[in-house]
Structures are given as C-alpha cells and as structure tokens.
Amino acid sequence: MADILFILAGAGDPTAFGLEPYQWVSVSMLVLILVMVWKKVPGLITGGLDSKIAEIKQQLDEAKSLRREAETLRDEYAAKIAGAEKDAEAMVAGAQREADSILEKAEADSKAMVERRKRMAEDKIAAAERDAIDQVRASAANAAAVASRKLIAENVDADASAKLADEVIASI
C-alpha cells in the first residue's frame, strides 16, 4: 500500500524489480520481437510478400501475353481489311470491265440488228420493185396483146395472113 500512496503522492516513478518504466518498455519490446522471431512471423511476412510479388509478376506476364495476342489479332484484322479493300476494288474493276464489255456487245449487236433490218427492208423493197416491174411487164404484154389482136383484127385480112404465114415459114 505504500507503493500506491507513493504513486498518488507523486513523489517519483514506481519501479518494479529495480527497473524503470522505460526499461520495462524496452524489455517488453524485446520479448515481443523474440516471440515474433520464434514464431517465424518475418518469414511469414516475407513469404506472403514473395507470393504476392510472384502473383503480380504472373498477372503482368499474362497481361503482356494478352497484349501480344491482341496486337496479333489487330494486325491480322488490319491485313484482312486491307485484303477486303483490295478485293472490293478488284470486284469494282471487274464489274466495270464486264459492264463495258456488255455495253460494247450491246452496241455491236444493235448495229448488226440495224444492218440486218436494213438489208431485210432493202430486200423487201427490191422484191416489191421486181413484182411491180413484173406486173407492169405483164400488164404491158397484156395490153400489147390486146392491142395487137385489135390491130390485126382490123388491119389483116385473109391475103395478108397468108402472106405473113409464108414469111414466117420461110424464115425458119
């Protein structure tokens, strides 16, 4: 009880086993450090940190790998896009050439058709002219025959017809 009164009186700091309070703090810290070393706490801490470092390294390596894959895919798709653009240009050029050839063929076919129809029309006109000439000749021959019959009937008598027959026979 004297110690308690001593403390309450504020006469000085109490001591236990002859150690001052700061010495007790030092001893308790030393005991704490020894317990931590004995229980291998620093090894656990470094082991935990080492595993965390290894995990972070693994994540970084995985991220680098994913980045390489993404860059490869990007390059592949860029090449595909460039190839698709070239294919599209080739398709457009092919379609243009095909359209030009179709246009040229259509122009040639239309010229040939116009030429055929022109020839057909000319042939029809020529046939119509021949038919008209043949009809005119036939009409002229008929008219000449009718006229000659009429003239012969009016101008030729029995003596003239005998004389004419003699001339025809003599010429043969």
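**Pairs along a helix**

Tutor: K80 and E76 are separated by about one helical turn, because they are 4 residues apart in helix α3. Helices here are DSSP runs (H or I, at least four residues), numbered from the N terminus.

Student: Before I go on, what should I know about the model?
Tutor: This is a predicted model, where local features need pLDDT of at least 70 and side-chain atom pairs count only at pLDDT 80 or more, while totals for chains, interfaces and linings use all residues. Residues are numbered from 1 along each chain as its sequence is written, and side-chain values use heavy atoms, leaving out hydrogens and water.

Student: How many salt bridges does the structure hold?
Tutor: The structure holds 4. Among them is E71 with R67, their closest N and O atoms being 3.2 Å apart.

Student: Is R67 buried or exposed?
Tutor: R67 counts as exposed, at 58% relative accessibility. Buried means under 20% relative accessible area, exposed over 50%, and partly exposed in between (1.4 Å probe, protein chains only). E71 is partly exposed at 31%.

Student: New topic: how far apart are E107 and Y22 in space?
Tutor: They are 115 Å apart, C-alpha to C-alpha, and 85 residues apart in sequence. E107 sits in helix α3, which covers residues 41-155.

Notes:
Helix = DSSP H or I, 4+ residues; strand = E, 2+ residues; numbered from the N terminus. Salt bridge = Lys/Arg side-chain N within 4 Å of Asp/Glu carboxyl O.
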